Amino acid sequence: MSASIVSRLLRAPSEVAASCREDRDIRAIALASLGAIALGSAVFGGVIGSFRGSEQIVFAAVKVPLAMLITLALSVPALHAFSAVLGRPWPMRSVIALALASAGRSSLVLLAFAPVLWLAIDVGLGYHASSVAAWLAYAVAGLAALGVLVRGIGAGRGRWLTAVAFMAVFFAVGGQAAWILRPYLGRPSEKDVPFLRAREGSFSDALVTSFRSSLMYDDDLRSRGGLRPWEGPRRDGVAPVDDPPADGATQREVPPADGATVREVPPVDGAGLDGFDRGAERGDRVKEAP
């Protein structure tokens, strides 16, 4: 891995992109970019795996660069086709070098984020927060890669269309490759983290499911007047609790408007888990005179 080319990837990506476009120093750029991908992605993957530790560090360090290389191998032909259709009939070696340079720069950005993420995980960052932090790092790295790609495509007709079309293919293929190679962090509920998780649909299925779940959750909140799922609406002077009730707990007592008090009874069999006392709906609450 050439240190001078790595330095150019960080400090002067326009020069590297121009070299790829003009078919200069292709071999050196490709080799240096491959080294950057292997190093940066492996270190970042190992940091992600440190959330669970042990063999998960090695698993993630192998799978993150593997996902990157698989994605490049499957999506680079699309970049070559888009470029040719939109007036840039470059040789395949130039397109490969440009794609590798873009991925190499993004991997170096991930390498820069690795110490920060490792420190956050080490001081106790939770599972979901760690996942979000990793995806934010990927987003910044993706922007860095896009900068090299757009510079390499050069000015002229179809510049942004070529870049956007390739990035759409790249993210679709990359999302599926990353989905197949899960897990990276490892769920806290899993006693043993496997190298590969059992198939649970596809990446697109997961996106659709998450989107539908978010819509259902929002609709449920609106139907409750903005209350959270464990909060019930005010009934007979009983106010909703602020936190999820513990096992066997009842709603707190609030004097109703007419001055009568409400005697609470424990939930009967079949009481709901969403904060509603099903017994109350059957008239189990008894009002007492003041």
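Here are a few friendly notes on this predicted model, to read alongside the structure.

1. **Confidence.** The protein chain has an average pLDDT of 78, and 68% of the residues reach at least 70.

2. **Two crossing helices.** Now find helix H1 (residues 3–11) and helix H3 (residues 26–49). Their axes come within 9 Å and cross at roughly 80°. Angles of 65 to 115 degrees count as roughly perpendicular, so H1 is roughly perpendicular to H3.

3. **Where they meet.** Which residues in H1 meet H3? They are Ile5, Val6 and Leu9, and their partners in H3 are Ala28, Ile29, Ala32 and Ser33.

4. **The largest nonpolar core.** This core has 33 residues, and Cys20, Leu72, Leu98, Ala101 and Leu149 have the most contacts inside it. H1, H2, H3, H4, H5, H6 and H7 each supply at least two of its residues. The largest share, 8 residues, comes from H5.

5. **A closer look at Leu149.** Leaving out residues up to four places away in sequence, Leu149 touches Leu79, Leu98, Ser102, Ala163, Phe166 and Met167.

6. **A second core.** A separate core has 18 residues, including Ile48, Val64, Leu110 and Tyr184.

Conventions: Residues numbered from 1 in each chain as written. Predicted model: local features only at pLDDT ≥ 70, side-chain atom pairs only at ≥ 80, totals over all residues. Heavy atoms only, no water. Axes fitted to C-alpha atoms, helices over the stretch in contact; angles between N-to-C directions. Helix = DSSP H or I, 4+ residues; strand = E, 2+ residues; numbered from the N terminus. Parallel < 35°, antiparallel > 145°, perpendicular 65-115°, else oblique. Contact = heavy atoms within 4.5 Å. Core = buried A, V, L, I, M, F, W, Y, C linked by side-chain atoms within 4.5 Å. Buried < 20%, exposed > 50% of the residue type's maximum accessible area, 1.4 Å probe, protein only. pLDDT = per-residue confidence, 0-100.
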